[in-house]
Amino acid sequence: MQSYWFGDVVDGTCHPCGGDAAAIAERVLSLDAGTDPSALPDWQVAVSCGACRDRMDYIRRLRDVCFLLAERTIQEKYSGRDVELLQMTRTLDELDTVINLLTGLAAEWYQTRHPAFSRKFRRIQARTLVRTMSRHSGGALGRVTGDIGRLSETRTALAREVSERADEVMPNCSALVGGLVAARLILHAGGLEPLARLPGSAIQVLGARAALFSHLSARSTPCPKHGIIFQHRRVHNAPLQVRGRVARVLAAKLAIAARLDLYRCAAAPEFIERAQARIDAAGAVP
Amino acid sequence: MIRIDGVLVSRGQGGVYGERMLGDLRVWDPYRSKLAALCYQDTGVELAPGMRVLYLGAAHGTTVSHVADYTDVVYAVEIAPRPMQDLLEVARRRTNIVPIMADAARPEQYARLVEPVDMVYQDVAQPDQVAIALANCIFLKPGGTLILMLKTRSVDTRREPAAVFSDAVARLAAGGGVLVRDSAWLAPYHHDHAAIICTAT
């Protein structure tokens, strides 16, 4: 017996499965896979048994089924807990870039209006700077600086949401490196499942693409010690001589944490406790 | 295929991706589409009315829409959800596109849906591009054409494109079932991209 999307063929006789597109789609999903080249569907067979009227009708019905299948698969892929987190994190990082760029431009603009103003030797926080500029500028510059201020508020709110969502989606990774860094890790891996499939050594250099490829292609540069995980305080605060080791241990523990997050979907306190102790120990200077 | 003053066009409803129109003909830009770039090379690749095409790596459906303008039916396989949403939108307006959301590396997933075809077009950028192309030859009629768009940089960034290319040709020839008929680099339209054209035996 050969099974096709439109029905079964037994000893040269075709039995159409009937039903509407949704029923046929359901059936297609239940069919077992096959790659026998002699067993591909033939529209003439489908016509001969009344599954469809002619070739046009064959394609039309097949299309209806394929649309349903595709729409269902898209919905499944988008229903993952991490899907929205990826978009949120991407927007957050891009917001940072935009705010920095605009603040720099606005400051230069402001300086042409106020020649006596300089940021040199004055530790002005970017936020304070924007507020000052917006208070003392009118017209378009005033509006631009006002918008930067509002963008910063949006950024703060979004960062909190990302962190909360990361705690919920990946409690173990977030416990080790914090929600924001954990979210950036799955952004670079492309999702929680791809991250959980990565070995620790790959997680360690995730996000250090340029350095890694320059090392791989020419071998003239040293291998990068850390990618995104550098943003975690225990890595960037570690003394230079143990920083690579901290990154390695942290990445190895993150690989386990990601798998716990994917398959257990809950925090594992005893694992986190042991992992934290191990990471702290790696950071101790001998 | 239709050429007007040396410009490749196809006949169909425009506005799929903001393409330029010449009257009611859609300009098929070789800089945007690798298949168009191949048609500008002298390799004798022709899309003819009545052809059935299996298109792997359909992405947003820009090239697919042009192929559909020329042929009887296009089975367009794509795995990523974001491009698939666009592809579905293109397919809604072109009734000879059959959109299939599946992994081109696993043809058994859609073997129950796709009939024997005259052309398999492989544009999936994966390190094992050749294996994907060979696996999908089960859909190819005897004498049908397999076009493999080899993105040498996706196969291996460290090796020379020419080495990756000759390796792929050798593997296709050794794979069985197809004869390598012709090949072409797609410069100046696309860099480090080569097309390998095979005939099914």
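Two residues are in contact if their C-beta atoms, placed from the backbone, lie within 7 Å. By that rule, 23 residues of chain B are in contact with 27 residues of chain A. On the side of chain B that touches chain A, the elements giving two or more residues are helix 3 (81-93) and strand 7 (97-101) of chain B. Helices (H or I, at least four residues) and strands (E, at least two) are DSSP runs, numbered from the N terminus. The residues on this side of chain B comprise 15 nonpolar, 4 polar and 4 charged. Ala, Val, Leu, Ile, Met, Phe, Trp, Tyr, Cys and Pro count as nonpolar; Asp, Glu, Lys and Arg count as charged; the others, Gly among them, count as polar.

The model is predicted: local features need pLDDT of at least 70, side-chain atom pairs count only at pLDDT 80 or more, and totals for chains, interfaces and linings use all residues. Residues are numbered from 1 along each chain as its sequence is written, while chains are lettered from A and ligands numbered from 1 in the order in which they are written.

Chain A holds an open sheet of 3 strands in the order 1-2-3, with antiparallel pairing. Two strands pair if DSSP finds at least two bridges between them. Strand 1 (2-3) and strand 3 (13-16) of chain A are the edge strands, and each pairs on one side only. Strand 2 (residues 7-10) of chain A runs antiparallel to strand 3 of chain A, joined by 4 bridges. Here Gly7(A) has Pro16(A) in strand 3 of chain A as its bridge partner.

Two helix pairs of chain A were examined. The axes of helix 1 (residues 21-30) and helix 3 (residues 55-78) of chain A come within 9 Å and cross at roughly 65°. Axes are lines fitted to C-alpha atoms, for helices over the stretch in contact, and angles run from 0 to 180 degrees between N-to-C directions. Helix 1 and helix 3 of chain A are therefore roughly perpendicular to each other. Angles of 65 to 115 degrees count as roughly perpendicular, under 35 as roughly parallel, over 145 as roughly antiparallel and the rest as oblique. The contact of helix 1 with helix 3 of chain A has 8 nonpolar, no polar and 1 charged residues. Among them, Ile24(A) and Val28(A) lie in helix 1 of chain A, and Asp64(A) and Leu68(A) in helix 3 of chain A.

Helix 6 (residues 139-169) and helix 8 (residues 179-189) of chain A pack at about 75°, with their axes 8 Å apart. This pair is therefore also roughly perpendicular. The contact of helix 6 with helix 8 of chain A has 6 nonpolar, 2 polar and 1 charged residues. Helix 6 of chain A contributes residues including Ser163(A) and Asp167(A), and helix 8 of chain A residues including Gly179(A) and Leu180(A).

In chain B, 4 strands form an open antiparallel sheet in the order 1-2-4-3. Its edge strands are strand 1 (2-4) and strand 3 (21-22) of chain B. Strand 2 (residues 7-11) and strand 4 (residues 25-27) of chain B are antiparallel and share 3 bridges. Ser10(B) has Arg26(B) in strand 4 of chain B as its bridge partner. Helix 2 (residues 62-70) of chain B lies across both strands, at about 70° to strand 2 of chain B.

Further along chain B, strand 9 (residues 140-151) has parallel and antiparallel partners. Strand 8 (residues 117-122) of chain B runs parallel to strand 9 of chain B, with 5 bridges. Val120(B) stands opposite Leu146(B) in strand 9 of chain B. Strand 11 (residues 193-200) of chain B runs antiparallel to strand 9 of chain B, with 7 bridges. Ile147(B) stands opposite Ile197(B) in strand 11 of chain B.
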